[in-house]
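Dear colleague,

I am passing on the structure below, and I would be grateful if you could look through it alongside these notes.

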Amino acid sequence: MTNLTLYPADIAEMSVSQIARLSPLQKHEVSKNLIEASAFLKKQLAKLDAALEQEYSAKAKAALLESGRDFGTAHINDGPLRIKFDLPKKVTWDQKQLGDIAERVAASGDQVKSYIDIKLSVSESRYTNWPPALQQQFAAARTVDAGKPSFTLTLDEEVQ
C-alpha cells in the first residue's frame with residue numbers, strides 16, 4: 001500500500017482516468033474521504049441554513065405578507081448582503097378523498113382526466129408475484145430501465 005493520502009482537493013485535480021488507475025486501496029481511501037467530506041459539508045450547510053432561517057425568515061415572511069402572498073420569493077437586505085428568500089408552496093392531496101371524488105365525477109358522466117391527473121403504476125414486488133398469465137397481460141405496458149449505479153467500497157478485514 002502506498003503512503004499517498006488522497007484528499008478531496010487531490011481528487012479534484014485528477015481526471016476520471018487517473019482515478020480509475022488508482023490502486024484498490026487508494027480507491028477505497030478516496031471513497032471514504034469523499035463520503036466523510038460530503039457528510040461534513042452536508043452538516044455545515046444544514047447549520048448555515050438554520051442560521052439563515054433564524055436570522056432572516058421572519059423578515060422575509062413579513063415581506064411576502066406585505067406583498068399579499070403567503071408563498072413565493074421575497075428579496076430582503078442586510079447591509080450589503082442581498083438575500084433571496086424562496087418559500088415554495090407544498091400541496092398534498094388526500095388520496096382516498098380524491099378517489100371518491102373521481103368516482104363521483106365518472107358517475108356523473110364527466111371525464112375524470114379533465115379534473116385529476118392520474119398516474120397508474122404497479123409495484124414491482126406485486127408484479128413478480130403474479131402468475132405468468134397475469135404478467136403477460138401487463139408485459140406490453142411495462143418498461144424496465146437501469147437506474148443509476150452506486151458503489152460501496154469496503155476493505156477485507158485482513159488488509160485493514
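Asn 33 lies in helix α3, which covers residues 24-66; helices here are DSSP runs of H or I with at least four residues, strands are runs of E with at least two, and both are numbered from the N terminus. With a relative accessibility of 11%, Asn 33 counts as buried, where buried means under 20% relative accessible area, exposed means over 50%, and partly exposed lies in between, using a 1.4 Å probe and protein chains only. Once its neighbours within four places in sequence are set aside, Asn 33 is in contact with Leu 6, Tyr 7 and Pro 8, contact being heavy atoms within 4.5 Å.

Before going further, please keep in mind that this is a predicted model, in which local features need pLDDT of at least 70 and side-chain atom pairs count only at pLDDT 80 or more, while totals for chains, interfaces and linings use all residues. Residues are numbered from 1 along each chain as its sequence is written, and side-chain values use heavy atoms, with hydrogens and water left out.

Helix α3 also holds Ala 46, which is partly exposed at a relative accessible area of 44%. Ala 46 and Leu 65 are 19 residues apart along the chain, and their C-alpha atoms are separated by 26 Å.

As for the chain as a whole, the protein chain has six helices and two strands, and from the N terminus on its elements follow the order α-α-α-β-β-α-α-α. The radius of gyration of the protein chain is 26 Å, whereas a compact globule of 160 residues would have one near 15 Å; the radius is taken over C-alpha atoms, and the globule rule is 2.2 Å times the number of residues to the power 0.38. Along the principal axes, the C-alpha atoms fill a box of roughly 75 × 65 × 25 Å.

Of the 160 residues of the protein chain, 16% count as buried. Among contacts between residues at least 6 apart in sequence, 27% join residues at least 24 apart. The protein chain exposes about 13700 Å², of which carbon and sulfur atoms supply 54%, the areas coming from the Shrake-Rupley method with a 1.4 Å probe.

What did the search of the whole structure find in the way of salt bridges? It finds two of them, a salt bridge being a side-chain nitrogen of Lys or Arg within 4 Å of a carboxyl oxygen of Asp or Glu.

Lys 96 and Asp 100 are separated by about one helical turn, because they stand four residues apart in helix α4 (residues 95-107). Lys 96 is exposed, with a relative accessible area of 59%, whereas Asp 100 counts as partly exposed at 28% relative accessibility.

In the other salt bridge, the side chains of Arg 142 and Glu 124 meet at 2.3 Å, N to O. This pair links distant parts of the chain, with Arg 142 in the segment after α6 (132-139) and Glu 124 in helix α5 (residues 124-129), 18 residues apart. Arg 142 counts as partly exposed at 33% relative accessibility, and Glu 124 is partly exposed too, with a relative accessible area of 41%.

Finally, Ala 106 is found in helix α4 and is partly exposed, its relative accessible area being 42%. Ala 106 and Ser 125 are 19 residues apart in sequence, and they lie 30 Å apart in space, C-alpha to C-alpha.
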